[in-house]
Amino acid sequence: MKRSLFGIVVLITLIAIGVISSNTDKRSVDQEITTAQVTGEQEIGINEGNEAPDFTLYSLEGQEVKLSDYRGKVVFVNFWATWCPPCKAEMPHMEEFYKEYADQYDAEILAVNITSEESSTEMVDKFIQDYKITFPVLMDTDGMQSETFATITIPTTYVIDKNGIIMKRLVGPMSKERMIELASSAE
């Protein structure tokens, strides 16, 4: 009888500790969320709802481009390579969107070439000429940004709203229609 009573007391004690611990953790999380909302802080990361990590890259012509310079615009940050068949398939759609709808939706495309995976920058230049690309093409020469944005499969695109918050991460090629849908939902 004493063993049963002892077992029941231990069980009740463990349950009580679990309930108290759970409530304490929940209050801690709630306090963090409230603090972040009050101060306007947003966690920087690569998940939907995070503030996108800022970066500085250079165009093929050597022009410096910072992601944060595009605050106030919907930004498609597209990671790609010249040898990638799905990347080749989506480029005409991206160019059509850029020419026909970018102004209407206050959008920008930053096509980040994973230059560290290319045979030469001349291949990138030839690709841009062949596909008549007019949106900014940036060179990730050391692969750091593709690593930061966890780009394993290409193309991978991050859609960033006008406040710098990641709305969507897309793996695979985009169509013009999908880009319109995403840009219009950021309004």
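Author: Begin with the secondary structure: helices (H or I, at least four residues) and strands (E, at least two) are DSSP runs, numbered from the N terminus. Here the order along the sequence is α-β-β-β-α-β-α-β-α-β-β-α, which comes to five helices and seven strands. The model is predicted, and local features need pLDDT of at least 70, side-chain atom pairs count only at pLDDT 80 or more, and totals for chains, interfaces and linings use all residues. Residues are numbered from 1 along each chain as its sequence is written, and side-chain values use heavy atoms, with hydrogens and water left out.

Reader: How many residues does the protein have, and what percentage of them count as buried?

Author: Buried means under 20% relative accessible area, exposed over 50%, and partly exposed in between (1.4 Å probe, protein chains only). The protein has 187 residues, and 39% of them count as buried.

Reader: Is Ser 146 buried or exposed?

Author: Ser 146 counts as buried because its relative accessibility is 8%. The residue lies in helix α4, which spans residues 144-148.

Reader: Which residues is Ser 146 in contact with, leaving aside neighbours within four places in sequence?

Author: Contact means heavy atoms within 4.5 Å. By that rule, and with those neighbours set aside, Phe 79, Ile 114, Asp 140 and Thr 151 are in contact with Ser 146.

Reader: Where is Ile 165 placed?

Author: Ile 165 sits in the loop between β6 (156-160) and β7 (166-171). With a relative accessible area of 18%, Ile 165 is buried. Not counting residues up to four places away in sequence, Ile 165 touches Gln 42, Gly 49, Asn 50, Glu 51, Val 159 and Ile 160. Ile 165 and Gln 42 are 123 residues apart along the chain, yet their C-alpha atoms are separated by 8.4 Å.

Reader: At what angle do α2 and α5 pack?

Author: Axes are lines fitted to C-alpha atoms, for helices over the stretch in contact, and angles run from 0 to 180 degrees between N-to-C directions. Helix α2 (residues 85-101) and helix α5 (residues 176-185) pack at about 50 degrees, with their axes 8 Å apart.

Reader: Which residues of α2 and α5 meet?

Author: From α2 come His 93, Met 94, Glu 96, Phe 97, Glu 100 and Tyr 101, which meet Lys 176, Met 179, Ile 180 and Ala 183 in α5.
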